[in-house]
Amino acid sequence: MLGIIIGVAAVIAMMAIGQGSKQSIQTSLSGMGSNMINIMPKGNEMGGVRIGGSSFQTLTMLDVRAIQRDAVGIDGISPLVSSSGQAIKAAKNWPTTITGVSTDYLHIRQLTLQDGIMFSETDILTSAKVCLLGKTVIDNLFANGENPIGQYIRFNQTPFQVIGILTPKGQSNFGQDQDDIILTPYTTVQNRITASTIYLQSILVSAVSLAASDSATAGIKTILRETHRLRPDEDDDFDVRTQAELITMISSTSSMMTVLLTSIAGISLLIGGIGIMNIMYVSVTERTREIGLRMSIGARGIDILMQFLIEAIMISITGGLIGVLLGILASQFVALFIHWPILISESSIVLSFFVCGITGIFFGYYPALKASKLDPIEALRYE
Amino acid sequence: MSKIILDIQNLKREFLMGEETVRALRGISFSVSAGEFVTIMGSSGSGKTTLLNILGCLDKPSEGDYLLDGVNVKKLSRNELAGLRNTKIGFVFQAYNLLPRTSALENVELPLFYNKQFNSDQRREKGMKALEAVKLSNRADHTPNQLSGGQQQRVAIARALINDPVMILADEATGNLDTRTSYEIMALMQELNEKGKTIVFVTHEPDIASFSSRTIILKDGRILKDSLNENKRSAKEALEALPVSDDQ
């Protein structure tokens, strides 16, 4: 009984904690922008010399609008233009990159504001000189404890008013500092810094979900081939990329977690089952005389078998019930005191309950069979 | 002559103990008619227990025939034997063998659980009737540890009676009881016998045997003596004759 209780409780608790961790790992992985689709100009040959894609200028705001209008399964799009330079605030300065984006950018990159506001569509239309700063830039330009909101900084020659602060994101997987960032309307970069108003460096799109990103990619390709008026025999003059590496990582992580959880659950239930078998063996031995008596007053082998089998199933189901309650309690306890994310799924409860019944039958069968095969004479005389 | 309940012919039972063959019964023949009260006596090793096991359909003879109420036991399977035990024989054991933590009534009803003809109401009714027959209907809800040894044995007798068996088979049923209680049990047995129950009682006490109508004495797997009891004692009178001071 205790074995099955502990077994089931362990399964429920492990599943709850495991599922919770799995979900939070997935959330944090998708927080890295797993739904992101990156569209870049494609490298090409020009007079025999290969030139990198970024030197090419094929993407324009027309493309952005076409995708926005026609693509299926996307929930955000932002053009991207950037320029390197020196950010200056009073006596301090810091070499960084200013990135011109649209308002969707925060959603696409899963960025949040720690303070202040995002720039508006009006700011984009008017090429407003406003910016959002990442933590690294703030640390290098402002004194400790100084509030940057409302203050002015310069990027090269251009003054910008700080209107928001981005929540720190830390380093990316590749060692890139994601907080070394200045965001501003893309029109501001185009009109006031690079003075290149037609072409975009890239376009960022976010698909509604990880699953939708493949079909969205295909749709975007078709749309871009149309807007670029490419003949069927011509190669794409752009490159559409998803976060394939991230996606692989996410799916391998979740399948690893699943295997881990399943094996823990399996081992716990196996132990519980062996517990039941032991209990039943002891029960059969202890009650040998009773079995002998029952047989002498007319119980057939099958009657005894059923009696002990039903007993085993009752034990395991009762144990399972207590175990489920205990497991839920334990996982709530973990959630309350250790602040781990937990997720109690109905399927894990139903599954462990079901497995409990099966365990009862499977491990109860042998002791019950042993009982039913006892010789009544021997059993009656058993001390 | 009344109906023959139990008929054994040249019964032999051998056990193989390693290399050796132990002959527990070496050819026994006797028959018991309805309404008889037979005691089977013998010292240990005389084959008493082996005979009892065979009579109780717990064991089968190696040779010879055993007919219980006209059924030849030798040809039956394990399950058929169980059915026979359930309907034709009522067992009473030396150690009572009641289920602990189970009320007297439920203990009495137990054999009916293995007889599909009866529903729970009928079980209850028959159980109460059997308890009345042993004068314990007022203790129906008591568990065995709330009953005295004699009362427990009476519950066991009620359990043996419930299926209305053709024969009550008692194995040293008074062995665990003091003289007075033994006499009480024997008085009950005689009463049941007078109502027509056939009783086969295994004992090694000549005192107890004197209450029966017939005594079979076994020795070394053979019948040494099979005699009708000329001066059968009444257990009730014997009970009254016991000095009262025994109680104090």
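I start with a residue in chain A. Leaving aside its neighbours within four places in sequence, Thr167(A) is in contact with Leu111(A), Thr112(A), Leu113(A) and Gln114(A). Contact here means that the C-beta atoms of two residues, placed from the backbone, lie within 7 Å.

Before I go on, the conventions. This is a predicted model, in which local features need pLDDT of at least 70 and side-chain atom pairs count only at pLDDT 80 or more, while totals for chains, interfaces and linings use all residues. Residues are numbered from 1 along each chain as its sequence is written, and chains are lettered from A and ligands numbered from 1 in the order in which they are written.

Back to Thr167(A). Thr167(A) sits in the loop that runs between strand E9 (158-166) and strand E10 (182-185) of chain A. Helices (H or I, at least four residues) and strands (E, at least two) are DSSP runs, numbered from the N terminus. Why is Thr167(A) counted as partly exposed? Because it has 13 C-beta neighbours inside 10 Å. The cut-offs are 20 or more other C-beta atoms within 10 Å for buried, 12 or fewer for exposed, and partly exposed in between, again with C-beta atoms placed from the backbone.

Chain A as a whole has twelve helices and twelve strands. Of its 383 residues, 38% are buried. Among contacts in chain A with a separation of 6 or more, 82% are between residues 24 or more positions apart.

Now the contact between the chains. Chain B contributes 17 residues and chain A 13. On the chain B side, helix H2 (78-88) and helix H3 (104-113) are the elements that give two or more residues. H2(B) has the largest share, six residues. By class, that side has seven nonpolar, seven polar and three charged residues. Nonpolar covers Ala, Val, Leu, Ile, Met, Phe, Trp, Tyr, Cys and Pro; charged covers Asp, Glu, Lys and Arg; the others, Gly among them, are polar.

One residue of helix H2 of chain B is Arg85(B). Not counting residues up to four places away in sequence, Arg85(B) touches Ser296(A), Ile297(A) and Gly298(A), as well as Gly56(B) and Cys57(B). Arg85(B) counts as buried because it has 27 C-beta neighbours inside 10 Å.

Next, the strands of chain B. Four of them form an open antiparallel sheet in the order E2-E1-E4-E5. Strands pair if DSSP finds at least two bridges between them. The edges are strand E2 (20-33) and strand E5 (71-72), each pairing on one side only. Inside that order, strand E1 (residues 4-17) and strand E4 (residues 63-68) share five antiparallel bridges, and Ile8(B) stands opposite Tyr66(B).

Last, strand E7 (residues 167-171) of chain B, where five of five residues are buried. Met167(B), Leu169(B) and Asp171(B) are on one side, and Ile168(B) and Ala170(B) on the other.
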